Amino acid sequence: MKKKRLPEADLDTLMPLLIGAWRRFHKEAGPADVLQTREFRSVVAAVKALQQGSLDGKSLIGQDYFANPQLLGAYLLYHWVIHYQQGLSLINELPVTPRRVLDVCSGPSPLAFAALRHGAQEVFSIDRNMPALMLGAEICGRYGMPLTLRQWNCPKENIPIEGQFDLILLGHCLEELFPDSTPGWPEKQQDFIEMLLHRLSPEGFLLIVESSYPAANRRVLQLRDQMVKKGVPIQAPCVWKGECPALQIKNSPCYAQREFEKPYLVREIQRAAEINLSSLKMTYLIFKNPQSNWPNLAEEKLYRVISPPVESFHGSRYYLCGTDGKKNLGSHLKEHPNESRAFEHLRRGELIAIENALEKHNALDIVSGTKVRIKAACGKPVEEQE
């Protein structure tokens, strides 16, 4: 299906739907577009508990924390908004709009909803927690979009839906499914991912998204290397086909960063819970069907910008990961002509092409005659050759 432009988040419409669903779930009467003081305080307390569980990486592992109505409700009003916006941005990196989509361990289905907003025609959500699934279906239904639900005890049972999928979504659940305290977890995780890959249509994709926290980031990067060694191609974000350079250096994470649209309630929850999050930060991979190939890119040096600008004595530098490995980019110029002016506005996550740079070891510097071009903006698919 032809690719559509990135839809707006439409949070002005969604927030009253989320608050209404929260009220019906908790059987609370009140205004449709705002929480009362007592309600707000209870949501903030539950958001803090979820945040603490994410930070320590242990307290919620192995628990069906969506079975706790307070935690499920807090997720709906805060984390759902974050994960939905992550899904909107990342699904937009696919070269085509997926028709048939499966959201695995979906909870209240923020990623499934993002796929529907992108134009997917048939979307399934599967999770062990039926109340969470029902909340996701309610939000989709009240927005006017159909979502099919199946209860599923992952990974103990077979997927309860037949057929192949153009897109499989796996969001924020690897640490819960495969705790690192469990013997043999890397092999079990790999087997699970391979099972999902074999449920893809010939042109299908598997999108994995986790947090940017160090343990989750490293887990995804290690999984990336395991799959690449088995010949599984990557659509995004990687253009480097070797072992992940970020794993070769201690405390060297590699994650994405996107703009974060904050409705009033989310801003107030962050203020009360003392959460400092100004952008969407996530670790992600988009695998292609194992029988497919890496994207057919132009024969030029391409690099993904993997850092914000880092200030040095010689000006700003950016870390890059590209077709010839990890580099860093700076400039010898005080003013940039048109062919290199893109350097002044680089953003983490963009894919760029660089020509005629001064190269020394792993450093690239812009000099007279250097060309810097944006090949794919943040949240856009890479341009492939015909």
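**Cavities, cores and pockets in close-up**

The lining of the largest cavity is made up of 17 nonpolar, two polar and five charged residues. The views below are all taken from a predicted model.

**Figure 1. The largest cavity and its lining.** This cavity has a volume of about 310 Å³. Its lining comprises 24 residues, and Pro237, Cys238, Cys254, Arg304 and Ile306 are the ones that lie nearest the centre. Four elements, α9 (214-229), β7 (256-259), β8 (279-288) and β9 (302-305), each contribute at least two residues to the lining of the largest cavity. Strand β8 supplies the largest share, four residues.

Figure 2. Two cavities of 30 Å³ or more are present in the structure.

Figure 3. In soluble globular proteins, nonpolar side chains tend to be buried together. The largest nonpolar core in this model has 66 residues, and Trp80 and Tyr84 touch the most other members. Helix α1 (residues 11-26) provides the largest share of this core, eight residues. A second, separate core has 34 residues, among them Cys105, Ile126, Ile159 and Leu170.

**Figure 4. Surroundings of Trp80.** Neighbours within four places in sequence are left aside in this view. Trp80 is then in contact with Leu14, Leu18 and Tyr75, with Pro108, Ser109, Pro110 and Phe113, and with Ile139.

**Figure 5. Helix α4 (residues 79-91).** The helix has 13 residues, and at 1.5 Å a residue it should span 18 Å. Helix α4 is mostly covered, with 13 of its 13 residues buried. Helix α4 also gives two or more residues to the lining of the largest pocket, and it gives three residues to the lining of the second largest pocket.

**Figure 6. The largest pocket.** Its volume is about 1,200 Å³. The pocket is lined by 50 residues, with Ser54, Tyr65, His172, Cys173 and Glu176 nearest its centre. Two or more lining residues come from each of α2 (37-56), α4, α5 (110-117), α7 (174-177) and β8. Helix α2 gives the most, five residues. The lining of the largest pocket divides by class into 22 nonpolar, 19 polar and nine charged residues.

**Figure 7. The second largest pocket.** The volume of this pocket is about 460 Å³. It is lined by 18 residues, and Leu6, Pro7, Gln85, Ser89 and Glu259 are the closest to its centre. The elements that give two or more residues to this lining are α4 and β7. Helix α4 makes the greatest contribution, with three residues. Seven residues of the lining are nonpolar, four are polar and seven are charged.

Technical notes. Residues are numbered from 1 along each chain as its sequence is written. This is a predicted model: local features need pLDDT of at least 70, side-chain atom pairs count only at pLDDT 80 or more; totals for chains, interfaces and linings use all residues. Side-chain values use heavy atoms; hydrogens and water are left out. The expected span of a helix is 1.5 Å times one less than its number of residues. Buried means under 20% relative accessible area, exposed over 50%, partly exposed in between (1.4 Å probe, protein chains only). On a 1 Å grid over the protein atoms alone, a cavity is a set of points where a 1.4 Å probe fits but cannot get out, and a pocket is an open set with protein on both sides within 12 Å along at least five of seven lines; lining residues have an atom within 4 Å of a point. Grid points are joined across faces, edges and corners, and a volume is the space filled by probe spheres set on the points. Ala, Val, Leu, Ile, Met, Phe, Trp, Tyr, Cys and Pro count as nonpolar, Asp, Glu, Lys and Arg as charged, and the others, Gly among them, as polar. A nonpolar core is a set of buried Ala, Val, Leu, Ile, Met, Phe, Trp, Tyr and Cys residues joined through side-chain atoms within 4.5 Å. Contact means heavy atoms within 4.5 Å.
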